[in-house]
Amino acid sequence: MQLNLERPDYTYFLRGADGTGALVNERRLARSFIIAPSAMVEDWPVQDVRAMTPADLDALLALAPALVVLGTGAQQQFPPAAVMAACLQRGIGLEAMTNAAAARTYSVLAGEGRRVVAGFVFAT
């Protein structure tokens, strides 16, 4: 599935994702990354959602989201409770879902102008 909700004030457009990679603008990414409408962090070091620590959220939280969408690969997985708590303590929601679902959710929320940031995890 490819979503095309382009807005002129956006720099990065997530066109789709699956368990092996994602398409941002016209580039195929196969390593974990973070995306917001006006920022992208490539080579995010997270490779296993279940092994995440609260410090892994720093790059996501630096983008000041109201909601973090976490793409967990081909299968839905959940990060440790400490990671979830780190977001909740700041009043930031965190939703974990497959990469394909995360791409759709992120694109819709970003298209609505919401303060959303997404992290996509790919095992290498």
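Is alanine 22 buried or exposed? Select alanine 22 to begin: its relative accessibility is 0%, so it counts as buried (buried means under 20% relative accessible area, exposed over 50%, partly exposed in between, with a 1.4 Å probe and protein chains only).

Before going on, some conventions. This is a predicted model, in which local features need pLDDT of at least 70, side-chain atom pairs count only at pLDDT 80 or more, and totals for chains, interfaces and linings use all residues. Residues are numbered from 1 along each chain as its sequence is written, and side-chain values use heavy atoms, with hydrogens and water left out.

**Stop 1: around alanine 22**

Alanine 22 belongs to strand β2. Helices (H or I, at least four residues) and strands (E, at least two) are DSSP runs, numbered from the N terminus. Show the residues in contact with alanine 22, leaving aside neighbours within four places in sequence: Leu14, Gly16, Ala17, Arg27, Arg28, Leu29, Phe33 and Phe122. Contact here means heavy atoms within 4.5 Å. For a distance check, pick valine 117: alanine 22 and valine 117 are 95 residues apart in sequence, and their C-alpha atoms are 15 Å apart.

**Stop 2: the whole chain**

Zoom out and colour by secondary structure. The protein chain has 3 helices and 8 strands, in the order β-β-β-β-β-α-β-α-β-α-β from the N terminus. Along the principal axes, its C-alpha atoms fill a box of roughly 35 × 30 × 20 Å.

Of the 124 residues, 45% are buried. Among contacts with a separation of 6 or more, 64% are between residues 24 or more positions apart.

**Stop 3: the cores**

Select Leu14, Val24, Phe33, Ile35, Val69, Tyr106 and Phe120. In the largest nonpolar core, which has 22 residues, these touch the most other members. A nonpolar core is a set of buried Ala, Val, Leu, Ile, Met, Phe, Trp, Tyr and Cys residues joined through side-chain atoms within 4.5 Å. At least two residues of this core come from each of β1 (14-17), β2 (22-24), β4 (33-36), α3 (99-111) and β8 (116-120). The most come from α3, with 6 residues. Apart from this core lies another, of 19 residues, including Leu57, Val68, Cys87 and Val121.

Next, centre on isoleucine 35. Residues up to four places away in sequence are not counted; isoleucine 35 touches Tyr12, Leu14, Val24, Met40, Tyr106, Val117, Ala118 and Phe120.

**Stop 4**

Asparagine 25 is partly exposed because its relative accessibility is 24%.

Move to glutamate 26, also placed in the loop between β2 and β3 (27-29). Glutamate 26 is exposed, with a relative accessible area of 67%. Glutamine 75 is 49 residues from glutamate 26 in sequence, and 25 Å away, C-alpha to C-alpha.

Finish at alanine 64, in the loop between α1 (58-61) and β6 (67-71). Alanine 64 is not a glycine, yet its phi is positive, about 55°. With a relative accessible area of 49%, alanine 64 is partly exposed.
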